[in-house]
Amino acid sequence: MRRYGKHTDEDDIRSRPNRKGNRPRTNIRPKHEDAAEGLVLTVDRGRLTCLVDDRAVIAMKARELGRKAAVVGDRVALVGDLSGKKDTLARIVRIEERTSVLRRTADDDDPYERVVVANADQLAIVTALADPEPRPRLIDRCLVAAFDGGLEPLLVMTKSDLAPPDKLLELYGALDIPYVVTSRDELENGDAADRVREYLDGRVTAFVGHSGVGKTTLVNALVPKERRRTTGHVNAVTGRGRHTTTSALALPLAGEDGWVVDTPGVRSFGLAHIDPSRVIHAFPDLEPGTEGCPRACSHDEQDCALDAWVEEGHADPARLFSLRRLLATRERREGD
Ligand SMILES: Nc1nc2c(ncn2[C@@H]2O[C@H](COP(=O)(O)OP(=O)(O)O)[C@@H](O)[C@H]2O)c(=O)[nH]1
Ligand SMILES: [Mg+2]
Ligand SMILES: [Zn+2]
(Lines give C-alpha, C1' and ligand atoms only; values in the text may rest on other atoms or scores of the structure.)
(Ligands and ions follow the chains in the order given, each with its own letter.)
Protein backbone atom coordinates (compact mmCIF):
# COMPACT_ATOMS: atom_id res chain seq x y z
CA MET A 1 0.00 0.00 0.00
CA ARG A 2 2.52 2.56 1.21
CA ARG A 3 4.69 1.89 -1.77
CA TYR A 4 2.70 4.11 -4.06
CA GLY A 5 2.39 7.27 -2.01
CA LYS A 6 2.93 8.88 1.33
CA HIS A 7 -0.53 7.90 2.40
CA THR A 8 -3.44 6.00 0.95
CA ASP A 9 -6.23 7.84 -0.76
CA GLU A 10 -8.66 6.67 1.90
CA ASP A 11 -6.67 8.57 4.52
CA ASP A 12 -6.70 11.51 2.19
CA ILE A 13 -10.45 11.53 1.85
CA ARG A 14 -11.08 11.27 5.55
CA SER A 15 -8.79 14.13 6.46
CA ARG A 16 -10.26 16.41 3.80
CA PRO A 17 -13.07 18.75 4.79
CA ASN A 18 -16.33 17.70 3.27
CA ARG A 19 -16.71 20.33 0.59
CA LYS A 20 -20.30 19.69 -0.35
CA GLY A 21 -21.52 19.93 3.21
CA ASN A 22 -23.69 16.98 4.02
CA ARG A 23 -22.48 14.53 1.39
CA PRO A 24 -21.73 11.31 3.23
CA ARG A 25 -18.06 10.55 3.56
CA THR A 26 -16.97 7.43 1.87
CA ASN A 27 -13.88 5.34 1.78
CA ILE A 28 -14.85 3.59 -1.42
CA ARG A 29 -13.94 6.46 -3.68
CA PRO A 30 -11.57 5.31 -6.36
CA LYS A 31 -7.91 5.64 -5.59
CA HIS A 32 -5.58 7.63 -7.79
CA GLU A 33 -8.15 10.11 -8.92
CA ASP A 34 -5.53 11.93 -10.94
CA ALA A 35 -4.56 8.84 -12.94
CA ALA A 36 -4.81 8.92 -16.74
CA GLU A 37 -7.29 6.79 -18.62
CA GLY A 38 -5.98 4.20 -21.02
CA LEU A 39 -7.18 1.35 -23.20
CA VAL A 40 -5.22 -1.91 -23.25
CA LEU A 41 -4.27 -2.66 -26.86
CA THR A 42 -2.12 -5.73 -26.40
CA VAL A 43 -0.27 -7.71 -23.76
CA ASP A 44 3.15 -9.27 -24.10
CA ARG A 45 4.79 -11.09 -21.18
CA GLY A 46 3.42 -8.84 -18.49
CA ARG A 47 3.97 -5.68 -20.50
CA LEU A 48 0.74 -4.00 -21.53
CA THR A 49 0.57 -1.52 -24.37
CA CYS A 50 -2.07 1.07 -23.52
CA LEU A 51 -3.48 3.85 -25.62
CA VAL A 52 -3.36 7.06 -23.56
CA ASP A 53 -4.67 10.02 -25.54
CA ASP A 54 -2.90 9.29 -28.81
CA ARG A 55 0.19 7.70 -27.36
CA ALA A 56 1.08 4.06 -26.97
CA VAL A 57 2.28 3.74 -23.39
CA ILE A 58 3.91 0.57 -22.09
CA ALA A 59 2.78 -0.30 -18.60
CA MET A 60 2.95 -2.94 -15.92
CA LYS A 61 0.32 -3.92 -13.46
CA ALA A 62 0.81 -2.20 -10.10
CA ARG A 63 1.25 -4.58 -7.19
CA GLU A 64 -1.86 -3.28 -5.50
CA LEU A 65 -3.99 -4.92 -8.20
CA GLY A 66 -3.07 -8.28 -6.72
CA ARG A 67 -3.97 -11.23 -8.92
CA LYS A 68 -6.36 -9.28 -11.04
CA ALA A 69 -5.08 -9.14 -14.62
CA ALA A 70 -5.76 -6.46 -17.17
CA VAL A 71 -6.52 -7.81 -20.63
CA VAL A 72 -6.92 -6.43 -24.12
CA GLY A 73 -9.93 -4.12 -24.27
CA ASP A 74 -9.73 -3.16 -20.61
CA ARG A 75 -10.18 0.46 -19.66
CA VAL A 76 -7.47 1.16 -17.10
CA ALA A 77 -6.14 3.97 -14.94
CA LEU A 78 -2.42 4.64 -15.26
CA VAL A 79 0.13 6.56 -13.24
CA GLY A 80 3.86 7.14 -13.59
CA ASP A 81 5.68 7.96 -16.81
CA LEU A 82 2.98 8.40 -19.45
CA SER A 83 5.23 9.94 -22.09
CA GLY A 84 5.24 6.79 -24.19
CA LYS A 85 8.96 7.30 -24.82
CA LYS A 86 11.28 4.37 -25.31
CA ASP A 87 12.22 2.46 -22.14
CA THR A 88 9.60 4.16 -19.99
CA LEU A 89 7.13 2.17 -17.98
CA ALA A 90 3.82 3.32 -16.51
CA ARG A 91 1.79 1.53 -13.84
CA ILE A 92 -1.78 0.32 -14.12
CA VAL A 93 -3.44 1.10 -10.80
CA ARG A 94 -7.03 0.31 -11.60
CA ILE A 95 -9.08 -1.75 -14.02
CA GLU A 96 -12.47 -0.19 -14.71
CA GLU A 97 -15.60 -2.26 -14.54
CA ARG A 98 -16.10 -4.37 -17.66
CA THR A 99 -19.19 -4.25 -19.85
CA SER A 100 -18.50 -7.73 -21.23
CA VAL A 101 -15.96 -10.51 -20.86
CA LEU A 102 -15.10 -13.13 -23.42
CA ARG A 103 -13.75 -16.07 -21.46
CA ARG A 104 -12.32 -19.37 -22.48
CA THR A 105 -10.52 -22.23 -20.87
CA ALA A 106 -7.93 -24.24 -22.84
CA ASP A 107 -10.31 -27.19 -22.72
CA ASP A 108 -13.33 -28.19 -20.68
CA ASP A 109 -11.16 -29.73 -17.95
CA ASP A 110 -9.00 -26.69 -17.50
CA PRO A 111 -9.87 -24.91 -14.24
CA TYR A 112 -7.99 -21.80 -15.35
CA GLU A 113 -10.22 -19.58 -17.34
CA ARG A 114 -8.69 -16.71 -19.17
CA VAL A 115 -10.36 -13.57 -20.30
CA VAL A 116 -9.57 -13.22 -23.99
CA VAL A 117 -11.02 -9.74 -24.46
CA ALA A 118 -12.83 -7.29 -22.20
CA ASN A 119 -15.50 -4.78 -23.19
CA ALA A 120 -16.15 -6.17 -26.67
CA ASP A 121 -19.68 -5.64 -28.00
CA GLN A 122 -19.50 -8.22 -30.69
CA LEU A 123 -17.83 -11.56 -31.39
CA ALA A 124 -16.95 -12.20 -35.02
CA ILE A 125 -16.66 -15.97 -35.31
CA VAL A 126 -14.47 -16.55 -38.33
CA THR A 127 -14.72 -19.87 -40.17
CA ALA A 128 -13.04 -20.80 -43.43
CA LEU A 129 -15.28 -22.71 -45.83
CA ALA A 130 -12.24 -24.83 -46.65
CA ASP A 131 -8.55 -24.97 -45.65
CA PRO A 132 -9.06 -25.47 -42.75
CA GLU A 133 -12.41 -27.29 -42.91
CA PRO A 134 -15.31 -25.66 -41.04
CA ARG A 135 -15.81 -26.93 -37.50
CA PRO A 136 -19.41 -26.46 -36.37
CA ARG A 137 -18.33 -27.66 -32.94
CA LEU A 138 -16.00 -24.74 -32.52
CA ILE A 139 -18.61 -22.34 -33.89
CA ASP A 140 -21.16 -23.60 -31.35
CA ARG A 141 -18.69 -23.18 -28.55
CA CYS A 142 -17.86 -19.65 -29.61
CA LEU A 143 -21.58 -18.91 -29.72
CA VAL A 144 -21.99 -20.18 -26.18
CA ALA A 145 -19.08 -18.02 -25.01
CA ALA A 146 -20.55 -15.00 -26.82
CA PHE A 147 -24.00 -15.34 -25.31
CA ASP A 148 -22.54 -16.03 -21.91
CA GLY A 149 -20.13 -13.12 -22.04
CA GLY A 150 -22.64 -10.57 -23.28
CA LEU A 151 -21.32 -10.24 -26.85
CA GLU A 152 -23.45 -10.29 -29.97
CA PRO A 153 -22.29 -12.91 -32.44
CA LEU A 154 -21.44 -12.29 -36.09
CA LEU A 155 -20.54 -15.21 -38.34
CA VAL A 156 -17.83 -14.56 -40.91
CA MET A 157 -17.30 -17.29 -43.49
CA THR A 158 -14.09 -16.83 -45.44
CA LYS A 159 -12.55 -18.52 -48.50
CA SER A 160 -15.78 -18.95 -50.46
CA ASP A 161 -13.46 -19.12 -53.48
CA LEU A 162 -12.44 -22.57 -52.21
CA ALA A 163 -15.83 -24.02 -51.22
CA PRO A 164 -19.48 -22.91 -51.21
CA PRO A 165 -21.14 -21.80 -47.97
CA ASP A 166 -24.34 -23.84 -48.52
CA LYS A 167 -23.81 -26.46 -45.84
CA LEU A 168 -22.90 -23.99 -43.13
CA LEU A 169 -25.72 -21.66 -44.10
CA GLU A 170 -28.13 -24.55 -43.73
CA LEU A 171 -26.99 -24.92 -40.13
CA TYR A 172 -26.51 -21.30 -39.14
CA GLY A 173 -28.47 -19.22 -41.66
CA ALA A 174 -31.70 -19.83 -39.78
CA LEU A 175 -30.30 -18.67 -36.46
CA ASP A 176 -31.03 -15.00 -36.83
CA ILE A 177 -27.36 -14.32 -36.38
CA PRO A 178 -25.90 -11.91 -38.91
CA TYR A 179 -23.38 -13.48 -41.26
CA VAL A 180 -21.02 -12.40 -44.01
CA VAL A 181 -19.40 -14.59 -46.67
CA THR A 182 -16.09 -13.44 -48.18
CA SER A 183 -13.67 -14.65 -50.83
CA ARG A 184 -10.11 -14.00 -51.95
CA ASP A 185 -11.29 -11.75 -54.83
CA GLU A 186 -13.49 -9.72 -52.49
CA LEU A 187 -10.56 -9.28 -50.13
CA GLU A 188 -8.51 -7.90 -52.98
CA ASN A 189 -11.11 -5.54 -54.44
CA GLY A 190 -12.20 -4.27 -51.02
CA ASP A 191 -15.72 -5.72 -51.07
CA ALA A 192 -15.00 -8.11 -48.19
CA ALA A 193 -13.87 -5.30 -45.89
CA ASP A 194 -16.78 -3.09 -46.95
CA ARG A 195 -19.33 -5.78 -46.23
CA VAL A 196 -17.87 -6.73 -42.85
CA ARG A 197 -17.41 -3.09 -41.87
CA GLU A 198 -21.16 -2.55 -42.01
CA TYR A 199 -21.39 -4.56 -38.79
CA LEU A 200 -18.47 -2.90 -37.05
CA ASP A 201 -19.01 0.83 -36.92
CA GLY A 202 -19.09 2.24 -33.43
CA ARG A 203 -18.54 -1.14 -31.78
CA VAL A 204 -15.71 -3.21 -30.43
CA THR A 205 -15.55 -6.51 -32.29
CA ALA A 206 -13.32 -9.43 -31.32
CA PHE A 207 -12.36 -11.80 -34.14
CA VAL A 208 -11.93 -15.42 -33.08
CA GLY A 209 -11.50 -18.69 -34.91
CA HIS A 210 -9.16 -21.52 -35.70
CA SER A 211 -5.69 -20.60 -36.88
CA GLY A 212 -5.49 -20.11 -40.66
CA VAL A 213 -9.12 -19.11 -41.25
CA GLY A 214 -8.12 -15.59 -42.32
CA LYS A 215 -8.65 -13.43 -39.22
CA THR A 216 -5.49 -11.40 -39.57
CA THR A 217 -5.96 -11.01 -43.34
CA LEU A 218 -9.44 -9.63 -42.74
CA VAL A 219 -8.45 -7.38 -39.85
CA ASN A 220 -5.64 -5.96 -41.97
CA ALA A 221 -8.09 -5.31 -44.80
CA LEU A 222 -10.32 -3.49 -42.32
CA VAL A 223 -7.67 -1.33 -40.71
CA PRO A 224 -5.62 0.78 -43.08
CA LYS A 225 -1.87 0.28 -42.79
CA GLU A 226 -1.53 3.92 -41.84
CA ARG A 227 -3.68 3.40 -38.75
CA ARG A 228 -1.93 0.23 -37.76
CA ARG A 229 1.33 2.17 -37.80
CA THR A 230 0.22 5.35 -36.08
CA THR A 231 -0.87 3.47 -33.00
CA GLY A 232 2.75 2.37 -32.99
CA HIS A 233 2.16 -0.34 -30.47
CA VAL A 234 3.16 -3.29 -32.60
CA ASN A 235 6.76 -2.19 -32.75
CA ALA A 236 6.68 -0.98 -29.20
CA VAL A 237 5.79 -4.36 -27.82
CA THR A 238 7.72 -6.89 -29.82
CA GLY A 239 10.49 -4.61 -31.00
CA ARG A 240 10.45 -6.71 -34.12
CA GLY A 241 8.03 -4.68 -36.14
CA ARG A 242 5.73 -7.58 -36.72
CA HIS A 243 2.80 -8.82 -34.75
CA THR A 244 2.76 -12.59 -34.59
CA THR A 245 -0.70 -12.87 -33.08
CA THR A 246 0.45 -14.43 -29.85
CA SER A 247 -1.76 -12.06 -27.88
CA ALA A 248 -4.97 -10.34 -28.81
CA LEU A 249 -4.42 -6.98 -30.47
CA ALA A 250 -6.89 -4.10 -30.58
CA LEU A 251 -6.84 -1.86 -33.65
CA PRO A 252 -8.87 1.27 -34.34
CA LEU A 253 -11.18 1.38 -37.34
CA ALA A 254 -11.23 4.43 -39.53
CA GLY A 255 -14.25 6.69 -39.45
CA GLU A 256 -16.71 5.75 -36.74
CA ASP A 257 -14.98 4.94 -33.50
CA GLY A 258 -15.11 1.19 -33.71
CA TRP A 259 -12.31 -1.18 -32.77
CA VAL A 260 -11.40 -4.61 -34.01
CA VAL A 261 -9.51 -7.13 -31.92
CA ASP A 262 -7.45 -9.76 -33.68
CA THR A 263 -6.87 -12.82 -31.51
CA PRO A 264 -4.51 -15.79 -31.75
CA GLY A 265 -5.97 -18.89 -33.37
CA VAL A 266 -7.69 -21.31 -31.05
CA ARG A 267 -7.93 -25.05 -31.52
CA SER A 268 -10.61 -25.40 -28.91
CA PHE A 269 -12.79 -23.09 -26.96
CA GLY A 270 -13.09 -24.59 -23.51
CA LEU A 271 -16.26 -23.80 -21.61
CA ALA A 272 -15.41 -25.15 -18.18
CA HIS A 273 -16.62 -21.88 -16.65
CA ILE A 274 -20.11 -22.04 -18.13
CA ASP A 275 -23.08 -23.53 -16.33
CA PRO A 276 -24.60 -26.25 -18.59
CA SER A 277 -28.08 -24.77 -18.04
CA ARG A 278 -26.94 -21.66 -19.88
CA VAL A 279 -25.75 -23.46 -22.99
CA ILE A 280 -29.26 -23.52 -24.50
CA HIS A 281 -29.20 -19.72 -24.90
CA ALA A 282 -26.64 -20.13 -27.66
CA PHE A 283 -29.17 -22.22 -29.59
CA PRO A 284 -31.92 -19.70 -30.31
CA ASP A 285 -33.43 -22.00 -32.93
CA LEU A 286 -33.98 -24.67 -30.26
CA GLU A 287 -34.70 -22.58 -27.21
CA PRO A 288 -38.42 -21.96 -27.91
CA GLY A 289 -38.85 -25.73 -28.17
CA THR A 290 -37.85 -26.17 -24.52
CA GLU A 291 -41.18 -24.79 -23.35
CA GLY A 292 -42.56 -28.32 -23.33
CA CYS A 293 -39.61 -29.73 -21.37
CA PRO A 294 -39.94 -31.07 -17.83
CA ARG A 295 -38.64 -28.81 -15.06
CA ALA A 296 -34.84 -28.54 -14.95
CA CYS A 297 -34.59 -30.61 -18.12
CA SER A 298 -31.00 -31.29 -19.10
CA HIS A 299 -32.18 -31.43 -22.75
CA ASP A 300 -30.36 -34.71 -22.98
CA GLU A 301 -32.98 -36.99 -21.45
CA GLN A 302 -35.99 -39.11 -22.34
CA ASP A 303 -38.75 -36.53 -21.77
CA CYS A 304 -36.95 -33.64 -23.42
CA ALA A 305 -39.32 -31.81 -25.75
CA LEU A 306 -36.62 -30.98 -28.24
CA ASP A 307 -36.86 -34.29 -30.10
CA ALA A 308 -40.46 -33.51 -31.01
CA TRP A 309 -39.54 -29.91 -31.81
CA VAL A 310 -37.02 -31.11 -34.38
CA GLU A 311 -39.31 -33.82 -35.73
CA GLU A 312 -41.96 -31.18 -36.33
CA GLY A 313 -39.45 -29.40 -38.51
CA HIS A 314 -38.82 -26.31 -36.36
CA ALA A 315 -35.07 -26.81 -36.37
CA ASP A 316 -32.37 -28.83 -38.08
CA PRO A 317 -31.71 -32.19 -36.36
CA ALA A 318 -27.98 -31.48 -36.70
CA ARG A 319 -28.45 -28.57 -34.33
CA LEU A 320 -29.97 -30.75 -31.63
CA PHE A 321 -27.17 -33.23 -32.13
CA SER A 322 -24.74 -30.37 -31.75
CA LEU A 323 -26.38 -29.12 -28.54
CA ARG A 324 -26.31 -32.58 -27.00
CA ARG A 325 -22.72 -33.19 -27.98
CA LEU A 326 -21.76 -29.95 -26.29
CA LEU A 327 -23.79 -30.77 -23.18
CA ALA A 328 -22.26 -34.25 -23.02
CA THR A 329 -18.71 -32.95 -23.02
CA ARG A 330 -19.67 -30.48 -20.33
CA GLU A 331 -21.27 -33.19 -18.19
CA ARG A 332 -18.30 -35.48 -18.31
CA ARG A 333 -16.36 -32.78 -16.54
CA GLU A 334 -19.04 -32.39 -13.90
CA GLY A 335 -18.88 -36.11 -13.15
CA ASP A 336 -15.20 -36.33 -12.37
N1 LIG B 1 -8.23 -18.68 -50.76
C2 LIG B 1 -8.33 -17.81 -49.76
N3 LIG B 1 -7.34 -17.68 -48.88
C4 LIG B 1 -7.47 -16.79 -47.87
C5 LIG B 1 -8.65 -16.02 -47.71
N6 LIG B 1 -8.50 -15.25 -46.60
C7 LIG B 1 -7.29 -15.55 -46.10
N8 LIG B 1 -6.66 -16.46 -46.86
C9 LIG B 1 -5.32 -17.06 -46.64
O10 LIG B 1 -5.36 -17.93 -45.51
C11 LIG B 1 -4.10 -17.96 -44.84
C12 LIG B 1 -4.26 -17.70 -43.36
O13 LIG B 1 -4.70 -16.37 -43.15
P14 LIG B 1 -4.49 -15.58 -41.79
O15 LIG B 1 -5.15 -14.27 -41.96
O16 LIG B 1 -3.08 -15.59 -41.36
O17 LIG B 1 -5.32 -16.50 -40.80
P18 LIG B 1 -5.48 -16.39 -39.21
O19 LIG B 1 -4.59 -17.45 -38.62
O20 LIG B 1 -6.92 -16.69 -38.94
O21 LIG B 1 -5.08 -15.01 -38.78
C22 LIG B 1 -3.26 -16.90 -45.53
O23 LIG B 1 -2.38 -17.55 -46.44
C24 LIG B 1 -4.27 -16.05 -46.28
O25 LIG B 1 -3.72 -15.46 -47.43
C26 LIG B 1 -9.71 -16.18 -48.68
O27 LIG B 1 -10.79 -15.55 -48.62
N28 LIG B 1 -9.50 -17.09 -49.67
MG1 LIG C 1 -3.74 -14.40 -37.25
ZN1 LIG D 1 -35.30 -30.46 -22.71
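Let me start with ligand 1: helix H6 gives three residues to the shell around this ligand, the largest share. Keep in mind that this is a predicted model.

Now the rest of that shell. In total, 14 residues surround ligand 1, and the closest are Asp161, Gly212, Lys215, Thr216 and Thr217. Sorted by class, the shell holds seven polar, four charged and three nonpolar residues.

Next, the backbone contacts. At Gly212, a backbone N or O atom sits 2.7 Å from an oxygen atom of ligand 1. For Lys215, a polar backbone atom is 2.8 Å from an oxygen atom of the ligand. Val213 also has a polar backbone atom there, 3.3 Å from an oxygen atom of ligand 1. As for cover, ligand 1 on its own has 580 Å² of accessible area, and the protein covers 73% of that. Two elements give two or more residues to the shell: helix H4, residues 184-189, and helix H6, residues 215-222.

Moving on to the metal, ligand 3, a zinc ion. Which protein atoms are its donors? They are SG of Cys293, SG of Cys297, ND1 of His299 and SG of Cys304, at 2.2 to 2.4 Å from the zinc ion. Along the sequence, these donor residues follow the spacing C-x3-C-x1-H-x4-C.

Why is the arrangement tetrahedral? Because the angles subtended by the four donor atoms around the zinc ion run from 106 to 114°, and the cut-off for tetrahedral asks that all angles lie between 85 and 135 degrees.

Notes
Residues numbered from 1 in each chain as written. Chains lettered and ligands numbered in written order. Predicted model: local features only at pLDDT ≥ 70, side-chain atom pairs only at ≥ 80, totals over all residues. Heavy atoms only, no water. Near = heavy atom within 4 Å. Polar contact = N/O pair within 3.5 Å; in protein donor to acceptor, adjacent residues only side chain to side chain. Areas by Shrake-Rupley, 256 points an atom, 1.4 Å probe, with all protein chains shown as cover. Helix = DSSP H or I, 4+ residues; strand = E, 2+ residues; numbered from the N terminus. Nonpolar A, V, L, I, M, F, W, Y, C, P; charged D, E, K, R; others polar. Donors = N, O, S within 2.8 Å, 3.2 Å for Na, K, Ca; no water. Tetrahedral: all angles 85-135°; square planar, octahedral: opposite > 155°, others 65-115°.
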